[in-house]
Amino acid sequence: MAYHHIPVMLQEVLENLNPQAGEYFVDGTLGGAGYTMAISNLVGNYGRVLSIDLDETAIINASELIEQNKIKNIVLVSDNFRNLEAIIHKNWGVETKLDGVVLDLGLSSVQVDEAERGFSFLKTAPLSLAFNKQERLDAAYLVNNLSDKELLKIINVYGEEKFAYRIVKNIVAARRLKEIETTTELADIISASVPVALRRKKVHPATKTFQALRLAVNQELESLEDVLPQAVKLLKPGGRLAVVSFHSLEDRIVKNFFKDQVKTCVCPPEVMLCNCHHEPGAKIITKKALIPTESEAKANPRSRSAKLRVLEKI
Ligand SMILES: C[S@@+](CC[C@H](N)C(=O)[O-])C[C@H]1O[C@@H](n2cnc3c(N)ncnc32)[C@H](O)[C@@H]1O
């Protein structure tokens, strides 16, 4: 099975994590194993990489790579990265401290390209949008069962979609006649909800709604909020957390979390003079998010919206 995913900002991730022989790393989003393989190579025989993915396809692909290349220092875990602390305790023991954690959020190219996964609205497939194929509360469930208010909230907030109200109105009207079952059925309803001029634009009118439903189906923002404090807790002093995000809401969560970690004062707002003597637990390495170079963005258009932020535990 060929698993095609070009790792995004790999060079920048490696430069910032700086894996050394014998160190312990977590790749929370295995995908095509691009980061995992590179880190495994750098940490060598005495180091370890524990790599997590919700998607069985990613795990199977990486197991094959590991077997073919006789790699001994990678542990694969089929789980949600929001369970990071429990995963580390179970696999490496409760005393374990990490040298680095990396998260490369969102979808791999394989998930987009395999029509039957239902991530693409350009090909007809069951309306799933779930990373984990066993997920029952998939996009079809959401569009056919949520109230119009709930749908509006998802499409408005997660999708930042200007025409959310009209899209929801048309979804609700369509599902009264027949359940919405496929990607293209939903994409057609969305297209019919936006002004004609927008239907001919380069970006498909369904893009934002599909992204919003995907975030909701996989609870992506909630998982990110859950994993960040666990990752920092698990790091050694000097250990680093690197997060690559592709969505403004994800980036905001990362940015705000990093800001909280480096606060020098945690006094309640009503306190006029700081008396908390709080010591920040981390420092921000990337004052401004790093973005792909022009040549990477050109060679791999999917990298274009990537933002990399790095935090170091003190
Ligand atoms: C962008 S890809 C990662 C690509 C990888 N860095 C590489 O070099 O090939 C993101 C992967 O993270 C997985 N994923 C997304 N959210 C997850 C979560 N909460 N827990 C575990 N895996 C997740 C997806 O299934 C997908 O395979």
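The model on your screen is predicted.

**Stop 1: the ligand.** Select the ligand and its shell. The ligand is surrounded by 22 residues. Pro-7, Thr-29, Gly-31, Gly-32 and Gly-34 are the closest. Now colour by class: nine shell residues are nonpolar, nine are polar and four are charged. Next, highlight helix 2 (34–43) and strand 2 (48–53); each gives the shell at least two residues.

**Stop 2: the annotated positions.** Two of them get their own stops.

**Stop 3: Asp-104.** Go to strand 4 (residues 98–104), where Asp-104 sits. Asp-104 is buried because it has 26 C-beta neighbours inside 10 Å, and 20 or more is the cut-off. Show its contacts beyond four places in sequence: Val-8, Thr-29, Gly-31, Tyr-35 and Val-244. Of these, Thr-29 and Gly-31 are also listed among the closest residues to the ligand.

**Stop 4: Gln-111.** Move to helix 5 (residues 109–113), which holds Gln-111. Gln-111 is buried too, since 21 other C-beta atoms lie within 10 Å. Beyond four places in sequence, Gln-111 contacts Asp-55, Arg-117 and Phe-119.

**Stop 5: the whole chain.** Zoom out. Colour domain 1 (10–110 + 220–313) and domain 2 (136–217) separately. Their centres, taken over C-alpha atoms, are 31 Å apart.

Terms used:
Residues numbered from 1 in each chain as written. Predicted model: local features only at pLDDT ≥ 70, side-chain atom pairs only at ≥ 80, totals over all residues. Helix = DSSP H or I, 4+ residues; strand = E, 2+ residues; numbered from the N terminus. Buried ≥ 20, exposed ≤ 12 C-beta atoms within 10 Å, placed from the backbone. Contact = placed C-beta atoms within 7 Å. Domains from an automatic or database assignment. Near = placed C-beta within 6 Å. Nonpolar A, V, L, I, M, F, W, Y, C, P; charged D, E, K, R; others polar.
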